[in-house]
Amino acid sequence: MKKYLLLRALYSMITLWLLVTIVFAMVRLTGDPVKMKGEVGADPAYLQEIRRNWGLDRPVYAQYASFIGNLLMGDFGHSFEKALPVRTIYFERLPNSLKLGFTAFVISVVIGVPLGMLSALKVNSWWDSAGKLIALLGLSVPGFFVGLVLIIVFGVNLGWLPVLGKGRSALLLSDPSTWVPFWFQDWRYLAMPAFALGWFFSGAMLRITRSGMLDVLGSDYIKLVRLKGVPERIVVVKHALKNSMIPVLTVAGLNLLIMINVAVVIEVIFNWPGVGMLLYDGLTNRDFPMVQGVVLMFGLMIVLLNFVIDVLYGYVDPRVRLSR
Amino acid sequence: MIKRFFASFAAVLVLLLVTCRDADAQKPTATRILSGPLVKLDIKDAQVDPGRGKPRGTLTVAMHFALDPGWLDPLEHSYAVTMQMYDYLVHDAMIKPMPYGEAAYSLAEHAEVTADFRRAAFRLRPGLKFQDGHPLTTEDVKWTYEKFKGAYAKQFHDKLEHIEIVDDRTIIFHFKEPFLDFMDLYNGGVSGIGWIVPKHYYTKVGRDGFKARPMGAGPYKLVSQEAGVQMVFEAWEGYWRRTPATKTIVVKGIIQLTARMAGLQTGELDLAFGMTGKLLPRVMADPNLRWDPNFTGPWWLMFPGYNEPGSPFRDKRVRQAISLAINRQFLVKQETQGIGKPWGNWISPENRDALWGDGKDVPVPEYNLEKAKQLLAHAGFPDGFDFEYVPFPPYFDMGERIMNDLRAIGIRGKLQMLEGPAFRSKVGQGRKGYPGNRSIVQNIDPRAGGAKTNLAVYAVCGSTASFICEPQIEALWTKHQASLDLVERERLVKAIQRILLDEYYFVPIYWNPFVHAVGPRVLPEGQAFHRYWDTLNAPYPWPWEVWEVRADK
């Protein structure tokens, strides 16, 4: 098991290194950020000063070396556009993204999982049709459309909910008194963006729960349990549910990470200050350090999640760790 | 009783003395600083408002893009006029545009420039302080100049011989050669070098520290910021010109037009920029909202490949045909609900020495499809031709409309949509940014500093963003640059503008309103609120200390 863990950790490190290297190269293919910052008619000397400030006057290999060196020290560099350390800005935004992502995730699970189960249990019934319709709507009606409708109805027309930002709550690492209240304050600001984001993912959750459940319900061991005369409630809850949740959990984990890291459209519509908007700003302004930092953190989360999943698989199923 | 009387008398006397001293402090000292003949400067006196009421209420402002903490540091001032929004909040300049003058005294109460343009001097008004109470002196003015590395920095540093501090309030800049544009460029409306940064604070907190928590001599202190999202400013009651009327100003970066509109309608926003476009009719129809047209600069078309071999735009008749084919009246109705003004020049009329394009100096361009078709046929393009159209983002609808107009005379365009920064990046490269010879670029650039600044960027050979390089213009421009005669310079600037228009090198469209909308909490009620947009050549409604809102509930 120890060797298996070390091997997985090594793979994770290599994946991360490949990721940062690819991102480093890719952002540089998008063009020269200095020209964007310089405004029309800018003096070449002024542009050269910016280039020097940003370290772009050095050869690419030197930029890469200092980028990797700084990363190892936990320094993501300075944002070109926001002129502050990327790490400072990122960790200022991350709690907001976590708050939005977790809430949207809960909404997607609360809508998707029970409806998916119901669809599977009452297959080809009215319930199943309703579930399919909701899944279809969830997947085909984009979050930005849902968001705009919510804004018009609950924000502008009814005046029940605020439409911009996250309210005054902030999580400050330096101030422990903010750590808990942050998650429970300003829910009125959170309601619409979380629903718009969660709604989109609830369709996927519903479909995967339904198909997972149908697969399990059609399997031989469930048939055997039923033949034994076990009540249907026990069949579903005790024997089918757990096994049908394995694919759901895998997808749910990835969905959660996506909701946290790249909820760009919802963040832009509701002006929610999350990391998705940072990525958007970074891409549109060729802010290399910002894009590198956000993508690296997203990648790190994915790699960690995969690592944990791999470890759990290895723990649960000895064949997995022995085969590698 | 007698004691009380004398005590009251003494108190009144002290109060009178203090008031007189304050009043004296605001009067500019008349003594000259420089010897020899001086240039006559047109700088307006500061209007010091004696009203000293307590600031009240919160003004929530929505900008139409993400906020950049770098904007809070004048030492790295870019060319972007947006930065001045923050300059006017946190900092103060020696001279700057105000509603009462394009150049108005602010920290400086007096300025002089010698007739040979080799020396410029300023006298600071007495008793100036930064927001931390530290005195603002000529040492800060000198330090800001020396450390400045923003737009035009090379010009400022290359021309400087040395800086002479006469005393805490008097400073003289000595130049190696005549620096005719100094006063224009030193104006806070053009560059960042005249916005004075506190030396003691900047050297203590450093570059990053200053951007995170800037401090200046302006009417508002930054109290908190979330990079890119929100900045909160509180009134500084020690501001020399007047106590700010609004207690708190919250600036938010809201990219989406629909979100800004919703914010205004729900009352979460009091002022939103960039409301021109599809939602303008809704702004105009909402009884709770008011709007200001906020004219900025005119739209115009450029032909980057006009002097390339084989370019259809090489022929003046083709360029003229394009101008004739644009239905400006219809465009103004569609794009701006009729607020915009069809215009015959490409430089903002609020910019000094610009020709007025409403018929006063140059005519509003004609709309005549028949004539346009004839010109195209004579130029050898009876069946038109294909081209690429690059509109200023996000005005793609406007681009489509112009392309429709051109299609009516057989010129078929393909729309090339770019993000804002990518567009600026290409325009910044001038003709080189558009390989080939068949592009039309739709641009707008309401830059300050006089019409010559626009010419220097777009219409002369040496500029990095040059779209025109013509010997005739170059000769006039060289003469302009060499001249020490301000009247002659003005004449030359106007002559170049006429050539650009007569030859259709640039095709102006209409003077653009960049509509701003306000909510019901903004005072005064009714239409008097338009006074906030009185500052000439300002795309945003500064100064901020005059903005009034209802008190918070």
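Start with B:H110: its bridge partner in β5(B) is B:R123. Strands here are DSSP E runs of at least two residues, helices H or I runs of at least four, numbered from the N terminus. β4(B) and β5(B), residues 119–124, pair in the antiparallel sense over 5 bridges. Pairing takes at least two DSSP bridges between two strands.

A word on the model. It is predicted: local features need pLDDT of at least 70, side-chain atom pairs count only at pLDDT 80 or more, and totals for chains, interfaces and linings use all residues. Residues are numbered from 1 along each chain as its sequence is written, with chains lettered from A and ligands numbered from 1 in the order in which they are written.

Back to the sheet. It is open, 4 strands, antiparallel, in the order β4-β5-β7-β6 of chain B. β4 (108–113) and β6 (160–165) each have a single partner strand, so one side of each lacks a neighbour in the sheet. Twist averages 15° from one strand to the next. Angles run from 0 to 180 degrees between N-to-C directions, with axes fitted to C-alpha atoms, for helices over the stretch in contact.

Helix α3(B), residues 138–147, lies across β5, β6 and β7 of chain B, at about 165° to β6(B).

Now the chain interface. 42 residues of chain B contact 38 of chain A. Contact means C-beta atoms, placed from the backbone, within 7 Å. The largest share of chain B's side, 6 residues, comes from α7(B).

Definitions and conventions: Contact = placed C-beta atoms within 7 Å.
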